Amino acid sequence: MGCYRRIDRALEHALHLPLGTGSRYVVISDCHRGEGTTNDNFLKNAYLYEAAMEHYIKRGFFYLELGDGEELWENRCMDRIVHYHETVYEMFACLQSRNALCRIYGNHNMELRKILPEAIILDNCEGGRDVCMIHGHQADFFNSVCWRLSRALVRYVWKPLERSGVNDPTSAARNYKKAVRYEQCLAGWTRLHDRYLIAGHSHRPRLPENGELYLNAGSCVHPRCITAIELEQMQMTLVKWKVATRPDMTMYVVREKLAGPAAIL
């Protein structure tokens with residue numbers, strides 16, 4: 001299948017990082033940071049994201065971002081995105097100074113493919129399965145091979161219609177049937193290669209506890225939360241960050257486990 005070949009090609013040039021008992025990784029995908037306009041879907045969860053990042057930075061996690069960090073289909077200027085979300089990129093600079101940052105590109109920030117890798121592989125130093133990571137658009141023909149056409153449709157058709165509540169039918173994140181086909185492809189690849197595969201793209205968080213090897217970090221543009229996958233002490237945990245309310249009606253940010261921890265075998 002073509003999607004398998006595209007995944008294989010991405011992993012051939014992956015950035016390799018070590019995975020052992022002392023490793024601490026947090027995997028986040030699909031932030032879709034924009035220019036601060038009404039189309040900037042990241043805005044509603046920006047404070048949740050920054051609170052989560054402060055947590056991970058303080059605890060010495062290595063940050064892995066699996067593509068679509070920037071929304072460069074609806075927006076044209078990377079500098080404007082960096083300027084508006086200055087706090088986020090200051091956090092990235094802090095992580096970079098510790099050599100604790102790796103970001104790959106996805107279809108919505110494909111323009112960064114010359115400076116960002118396409119895939120990451122965590123080499124299992126304990127003798128178990130390696131953990132492969134891609135954005136996931138490789139399993140989506142329309143958003144990989146035809147990404148320029150998809151970008152034009154988003155930029156000139158769906159962006160204006162989005163303000164009226166019309167969903168983009170080409171997006172795996174907004175089209176249920178397409179998301180299912182996408183996930184079947186990624187799950188099939190893991191069975192063929194017997195390796196873990198963590199992706200994003202569909203915005204559907206996933207950490208199965210039945211031994212399946214395909215996982216999904218979800219996104220930072222859910223209606224009321226952001227999701228992430230944590231890898232620590234050779235275990236994987238799917239978490240979400242959300243706003244909660246105390247009895248005195250004050251609000252605070254809380255981390256909640258959705259699934260796991262599951263051992264990396």
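This report describes a sheet, the helices beside it and several aromatic pairs in a predicted model. Local features need pLDDT of at least 70 and side-chain atom pairs count only at pLDDT 80 or more, while totals for chains, interfaces and linings use all residues. Residues are numbered from 1 along each chain as its sequence is written, and side-chain values use heavy atoms, with hydrogens and water left out.

**The sheet**

Helices (H or I, at least four residues) and strands (E, at least two) are DSSP runs, numbered from the N terminus. Two strands pair if DSSP finds at least two bridges between them. Six strands form an open sheet in the order 4-3-2-9-10-11, and the pairing is mixed. Strand 4 (101-104) and strand 11 (251-263) are at the edges with a single partner strand each, so one side of each has no neighbour in the sheet. From one strand to the next, the twist averages 20°. Angles run from 0 to 180 degrees between N-to-C directions, and axes are lines fitted to C-alpha atoms, for helices over the stretch in contact.

Strand 2 (residues 24-28) has four of its five residues buried, so the rest of the structure largely encloses it. Here buried means under 20% relative accessible area, exposed over 50%, and partly exposed in between (1.4 Å probe, protein chains only). Strand 2 pairs with strand 9 (residues 225-232) in the antiparallel sense over four bridges, and Val26 has Glu230 of strand 9 as its bridge partner. Strand 2 and strand 3 (residues 62-66) run parallel and are joined by four bridges; Ile28 is partnered by Glu65 of strand 3. Strand 3 is in turn joined to strand 4 by four bridges, again in parallel, with Tyr63 opposite Leu101 of strand 4.

**Helices beside the sheet**

Contact means heavy atoms within 4.5 Å. Helix 2 packs on the sheet and touches strand 2, strand 3, strand 9, strand 10 (235-245) and strand 11; the directions of helix 2 and strand 10 make about 130°. Helix 2 (residues 46-58) also forms a right-handed β-α-β unit with strand 2 and strand 3. Right-handed means that, with the strands pointing away from the viewer, the path from the first strand over the helix to the second runs clockwise. Helix 4 lies across strand 3 and strand 4 and runs at about 120° to strand 4.

**Aromatic rings**

A pair of aromatic rings is described by the distance of the centres and the angle of the planes. Rings of Phe, Tyr and Trp (its six-membered ring) pair if their centres lie within 6.5 Å; planes under 30 degrees apart count as stacked, over 60 as edge-to-face and the rest as tilted.

| Pair | Centres apart | Angle of planes | Class |
|---|---|---|---|
| Tyr25 and Phe62 | 5.3 Å | 55° | tilted |
| Tyr89 and Phe92 | 5.4 Å | 85° | edge-to-face |

Tyr25 belongs to strand 2 and Phe62 to strand 3, so their pair ties together parts that are 37 residues apart in sequence. Tyr25 is buried at 5% relative accessible area, and Phe62 is buried at 14%. Tyr89 and Phe92 are three residues apart in helix 4 (residues 86-97), a separation of about one helical turn. Tyr89 is buried at 14% relative accessibility, as is Phe92 at 5%.

Tyr56, Phe61 and Trp241 form one aromatic cluster. Arg129 lies over the face of Tyr196, at 5.9 Å from the ring centre. A charge sits over a ring if NZ of Lys or CZ of Arg is within 6 Å of the ring centre and within 35 degrees of the ring normal.
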